[in-house]
Amino acid sequence: MDYISKYKILFRLVILLFILNATTIGFIVWHKFNKPKREAHLFKQRESFKDVSKILKSELQLDQNQMLHFESIREKYYQQEVKIASRIKAEKDSINAIMFNKNSNEILLKQLAHRVAENEEAMELVRIEQAHELKTICTPDQQVKFELLVKEIRDYFRPDNRPNQK
């Protein structure tokens, strides 16, 4: 009799542990998948709408001629940005190589840092020129929408607004 009651207690403990484990796992899964996601208003229903050109065309209601101008302007400035970005990367690589060298040259490091800053300034000037050209092909109503859209796109692509990346 003692033997049977011993198994009843063990059986009940196993069932209790199983229920506790299942509840814990369920809570963890529920918590992981029910986190609120931070998304920009524009992209809630269109997650596949990642290409900025398509977003601009759709939201600004650009005609075919405007879209061709947009694409040519973006391509022209993209090529300039790539060249400047590669110079910045090369200069930063040089800085790192010299900075951690046994006999680092402080004067050369400061010159390289100055060139990096000049190239970053050039990058911002290219972006300003691009924005100016893009605005010139828009109608006044489109320019108002464009201003709001740029803010929303900026917020969407912020590093802290990427829930799936850690």
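This report describes the helices of a predicted model and some of the residues that link them.

## Overall make-up

The protein chain has five helices and zero strands. Read from the N terminus, its elements follow the order α-α-α-α-α. The chain has 166 residues, and 22% of them count as buried.

The protein chain exposes about 13,300 Å², and carbon and sulfur atoms supply 60% of that area. Among contacts in the protein chain with a separation of 6 or more, 67% come from residues 24 or more positions apart.

## Helices α2 and α3

Helix α2 covers residues 52-60 and helix α3 covers residues 64-99; they pack at an angle of about 150 degrees, and their axes are 11 Å apart. Angles over 145 degrees count as roughly antiparallel, and α2 and α3 are therefore roughly antiparallel to each other. The crossing in which α2 passes α3 is right-handed.

On the α2 side, the contact is made by Val52, Ser53, Leu56, Lys57 and Leu60, while α3 contributes Gln64, Met67, Phe70 and Arg74. Sorted by class, the contact of α2 with α3 has five nonpolar, two polar and two charged residues.

## Helices α3 and α4

Helix α4 spans residues 106-136, and the axes of α3 and α4 come within 9 Å of each other, crossing at roughly 170 degrees. The cut-off of 145 degrees applies here too, and α3 and α4 are therefore roughly antiparallel to each other. The residues of the contact of α3 with α4 divide into 18 nonpolar, four polar and 11 charged.

## Tyr77 and Gln130

Tyr77 belongs to helix α3. Its relative accessible area is 3%, so Tyr77 is buried. Setting aside neighbours within four places in sequence, Tyr77 is in contact with Val126, Glu129, Gln130 and Glu133.

Gln130 is part of helix α4. With a relative accessible area of 12%, Gln130 is buried, because buried means under 20%. Not counting residues up to four places away in sequence, Gln130 touches Ile73, Arg74, Tyr77 and Glu81.

## Leu56 and Ile153

Leu56 sits in helix α2. Its relative accessible area is 4%, and Leu56 is therefore buried. Leaving aside neighbours within four places in sequence, Leu56 is in contact with Gln61, Leu62, Phe70, Phe146, Leu149 and Ile153. Phe70 is also among the α3 residues that make the contact with α2. Leu56 and Leu149 are 93 residues apart along the chain, and their C-alpha atoms are separated by 8.0 Å.

Ile153, one of the contacts of Leu56, is placed in helix α5, which covers residues 140-156. A relative accessibility of 11% makes Ile153 count as buried. Ile153 and Ile55 are 98 residues apart in sequence, and the distance between them is 9.3 Å, C-alpha to C-alpha.

Gln61 is located in the loop between α2 and α3. Its phi is near 55 degrees, a positive value in a residue other than glycine. Gln61 has a relative accessible area of 57% and is exposed, because exposed means over 50%. Gln61 is also one of the residues in contact with Leu56.

Gln142 lies in helix α5. At 8% relative accessibility, Gln142 counts as buried. Not counting residues up to four places away in sequence, Gln142 touches Leu60, Gln61, Leu62, Gln66 and Ile137. Among these, Leu60 also takes part in the contact of α2 with α3, and Gln61 is the loop residue described above. Leu62, another residue that Gln142 touches, is in contact with Leu56 as well.

How values were computed:
Residues numbered from 1 in each chain as written. Predicted model: local features only at pLDDT ≥ 70, side-chain atom pairs only at ≥ 80, totals over all residues. Heavy atoms only, no water. Axes fitted to C-alpha atoms, helices over the stretch in contact; angles between N-to-C directions. Helix = DSSP H or I, 4+ residues; strand = E, 2+ residues; numbered from the N terminus. Parallel < 35°, antiparallel > 145°, perpendicular 65-115°, else oblique. Left-handed = near helix turned anticlockwise from the far one by under 90°. Contact = heavy atoms within 4.5 Å. Nonpolar A, V, L, I, M, F, W, Y, C, P; charged D, E, K, R; others polar. Buried < 20%, exposed > 50% of the residue type's maximum accessible area, 1.4 Å probe, protein only. Areas by Shrake-Rupley, 256 points an atom, 1.4 Å probe, with all protein chains shown as cover.
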